[in-house]
Each structure stands twice: as C-alpha cells, then as structure tokens.
Amino acid sequence: MPEPVDTVEMQAALLRLRRTSGLPVTFGGLLSDPRHARIVELNGAHTTALRGLVISAGSGLGGKSIALSRPCAVTDYPSSRHISHEYDTAVAAEGLRSVVAVPVVVRRRVRGVLYGALREPLTLGDRTFDAAVAAARDVEQALVVRDEVQQLLSVTRDQVTDPPAAPGAWEDVREAHRELRALAPKVADPALREELLSVCARLASASGAQETHSREVLLAPREVDVLACVASGATNAVAAGRLGLRPETVKGYLRSAMRKLGAHTRLEAVVAARRAGLLP
C-alpha cells in the first residue's frame with residue numbers, strides 16, 4: 001500500500017513539475033526497499049502503462065538515477081546508449097522520448113524518484129532540470145516531516161496511555177506536545193494530521209488538570225500552537241521561527257488567546273490553558 005506522501009505530496013510535486021517545466025508528462029514513486037521503486041502517481045499520461053511499474057536500481061533511466069543518487073536525462077529514450085532498456089515497452093506505450101529522472105534523497109538515502117518527459121526527442125535545458133530538482137525537494141521535505149511525526153508519535157503514544165507520575169517528567173510530555181503541534185500544519189496527509197492532532201489532544205488532557213468552567217474556552221489551533229511554544233519559554237521571535245510565522249502574527253495570536261482565557265500575562269495564559277485541558 002502506498003505511503004501517504006505518495007498520494008498527497010507526490011501528486012502536488014508532479015503537478016508543480018508540469019506547470020513550472022512545461023513537460024507534458026510527469027510520474028514517480030517511492031522506494032519499496034533499498035533497490036526498488038514503484039511508479040504510483042502519473043500526471044498528464046495518456047495510458048496506464050507506467051502505473052505500477054517497478055524500477056530496479058541501475059535499470060533504465062530512473063534506476064540509473066537511483067543508483068547514482070543524482071539527476072539523469074536522455075534526449076531520445078528508445079535509442080539511448082547510456083541506459084539499459086528493460087522498460088522500453090511501457091515507455092513506448094506512453095510515447096515518451098526525452099526524459100529526466102531525479103532521485104528523492106533524504107539524509108543521503110534515496111527514497112524515491114520523479115520523472116518528467118516529452119513526447120519529442122528534444123534536449124532538456126537547465127530550466128527543466130531546476131524544476132525537476134525543486135519538485136523532488138518538495139517530496140524530500142514532506143518525507144522529513146513525516147519521519148519526524150512518526151518518530152514523535154511512537155514516543156508519545158506510550159506517554160498518552162501511561163502518563164508519567166513524576167512532575168519533572170511532564171516536561172518531556174509538554175515538549176513532545178509542542179513539537180507535534182508545530183509539525184501539524186506541515187503534514188499534507190489528512191489522516192496522519194488527524195492522528196497527530198488526536199494525540200496532541202490526549203496529551204493535553206493526560207494530566208487530569210482540567211477544571212470545570214462556566215463556559216468552555218475555545219482557542220484557534222494557531223493560538224494553542226503559540227501557547228505551547230510560550231509554555232516552553234520561547235519568545236515571540238523563537239515561536240515565530242518554530243511555527244513559520246511572523247513575530248507580529250505570533251503576538252496577535254497570543255493576545256487573542258490571553259483575552260479568551262482571561263489572562264493578563266503570558267504565564268497566566270499558560271496556566272489557564274493547562275487548567276482548561278488545552279495544554280499538558
């Protein structure tokens with residue numbers, strides 16, 4: 001089953017590649033193991049010949065790109081002497097001639113491959129290469145975020161089911177909560193983002209400190225994000241850097257949250273948010 005990034009970020013990256021490069025056909029997929037990638041997403045294709053194709057490292061243009069961990073291109077795929085031709089049938093069925101392949105590399109490990117292609121034998125210029133590399137970088141960033149989320153989720157699931165008893169241990173829970181909330185807006189896959197936010201909510205209520213209020217306190221997601229950063233001691237500038245916001249925007253969210261919580265200082269806002277079960 002394809003990873004979430006295959007069906008979300010891969011689609012977005014391939015669409016961006018078509019728009020920025022002018023290439024009529026783009027396709028790609030992630031590695032299922034260290035030596036094989038499966039083509040799972042197509043954009044602009046006339047047939048399904050490429051869908052599901054398993055690319056082996058060293059074979060064909062994409063396999064060469066995977067093996068060398070760098071972009072590779074051919075002006076005329078069917079007649080090229082610089083690649084092997086295991087996939088000629090599928091390439092011919094789609095009518096592809098000029099093709100570029102770019103590896104998706106995360107922490108020096110190839111995780112996938114993106115392709116762009118023309119149905120004419122034309123030399124691909126620097127603009128096309130730059131667009132293909134930029135699209136691959138989009139997928140790389142998505143994978144980095146997903147890796148961080150999965151790592152944090154694996155740690156915090158235990159904290160949710162078995163909250164720490166020692167008061168000092170709660171700092172780890174609060175830091176994990178802050179990091180997860182900061183990552184949430186960067187996660188494109190809806191199911192993974194929903195799971196992440198669900199864990200955040202359970203972490204926030206795990207201390208059992210929620211009090212009964214005459215009215216429920218409703219904060220916007222970004223207001224909670226800002227408070228989570230403030231709770232860790234971050235200044236507005238630091239919080240802005242963590243959340244990808246401007247310091248003025250952070251200040252606005254903080255002011256709004258304080259008003260809703262009836263707080264007059266940053267510390268009062270954090271304490272009130274914890275009492276309301278909004279922060280761990």
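**Note on helix packing and nonpolar cores**

1. In this predicted model, helix 10 (residues 247-261) packs with helix 11 (residues 266-275) at an angle of about 60°, and their axes lie 9 Å apart. Helix 10 is therefore oblique to helix 11, since angles from 65 to 115 degrees would be needed for roughly perpendicular. The crossing of these two helices is left-handed.

2. On the side of helix 10, the contact is formed by L254, M258 and L261. Helix 11 contributes R266, A269, A272 and A273. Sorted by class, the contact of helix 10 with helix 11 comprises 6 nonpolar residues, no polar residues and 1 charged residue.

3. The largest nonpolar core of the model has 25 residues. Within this core, the members that touch the most others are F27, L61, I66, Y77, L96, V99 and Y115. At least two residues of the core come from each of strand 1 (25-33), helix 3 (60-68), strand 5 (72-74), helix 4 (88-94), strand 6 (98-106) and strand 7 (109-118). Strand 7 gives the most, with 4 residues.

4. Apart from its neighbours within four places in sequence, L96 is in contact with V25, F27, L50, Y77, P78, V91, A117, L118 and R119. Among these partners, F27 and Y77 also belong to the group of core residues touching the most other members.

5. As general background, nonpolar side chains in soluble globular proteins tend to be buried together.

Technical notes. Residues numbered from 1 in each chain as written. Predicted model: local features only at pLDDT ≥ 70, side-chain atom pairs only at ≥ 80, totals over all residues. Heavy atoms only, no water. Core = buried A, V, L, I, M, F, W, Y, C linked by side-chain atoms within 4.5 Å. Buried < 20%, exposed > 50% of the residue type's maximum accessible area, 1.4 Å probe, protein only. Contact = heavy atoms within 4.5 Å. Axes fitted to C-alpha atoms, helices over the stretch in contact; angles between N-to-C directions. Parallel < 35°, antiparallel > 145°, perpendicular 65-115°, else oblique. Left-handed = near helix turned anticlockwise from the far one by under 90°. Nonpolar A, V, L, I, M, F, W, Y, C, P; charged D, E, K, R; others polar.
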